Amino acid sequence: MSIWILQSQGESPIILRIPPGSIKTIGRTARADFIVDAALVSRIHCRVTADKSDQLVVEDLGSTNGTIVNGKKFERTILRPGDTLTIGRVDFQVGRGTEVFSTDLAKSVPEVAGS
């Protein structure tokens, strides 16, 4: 089992890493495990669970604007690599391991000496 990654696009990407067996909340307040301070994100927007069967499940937590996967609003659904999870106005690409989702982003990540 490898880590799940949710990565936004843009100049300053947001990268959320979800280890196997973990449960994390996403929202705009300090009470959330992952803070996404962006328009239309609820205080505690949704929960992502990397369960023991190696699936990543997203569950909306009563957010005002909903949790959207590939353009459709869901209360609860399984995420797969390549899916787009939309929280507020932020689009996250879903991936596994150490995937980098765009060549533009790869250019912006500095190389670390000795790696």
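I begin with a side-chain pair: the side chain of Thr86 makes a polar contact with that of Asp91, at 2.6 Å. A polar contact is a pair of N or O atoms within 3.5 Å, where, within protein, one must be able to donate a hydrogen and the other to accept it, and residues adjacent in sequence count only if both atoms are side-chain atoms.

The model is predicted, with local features needing pLDDT of at least 70 and side-chain atom pairs pLDDT 80 or more, while totals for chains, interfaces and linings use all residues. Residues are numbered from 1 along each chain as its sequence is written, and side-chain values use heavy atoms, without hydrogens and water.

Thr86 lies in strand 10; strands are DSSP runs of E with at least two residues, numbered from the N terminus. Is Thr86 buried or exposed? Its relative accessibility is 14%, so Thr86 counts as buried, meaning under 20% relative accessible area with a 1.4 Å probe, protein chains only. Leaving aside residues up to four places away in sequence, Thr86 touches Gly66, Thr67, Ile68 and Asp91, contact being heavy atoms within 4.5 Å.

Let us turn to the strands. Strand 10 (residues 84-87) and strand 11 (residues 90-96) run antiparallel, joined by 4 bridges; two strands pair if DSSP finds at least two bridges between them. Leu85 stands opposite Phe92, and Ile87 has Val90 as its bridge partner.

Finally, the open sheet has 6 strands in the order 2-1-11-10-7-8, with antiparallel pairing.

Notes:
Buried means under 20% relative accessible area, exposed over 50%, partly exposed in between (1.4 Å probe, protein chains only).
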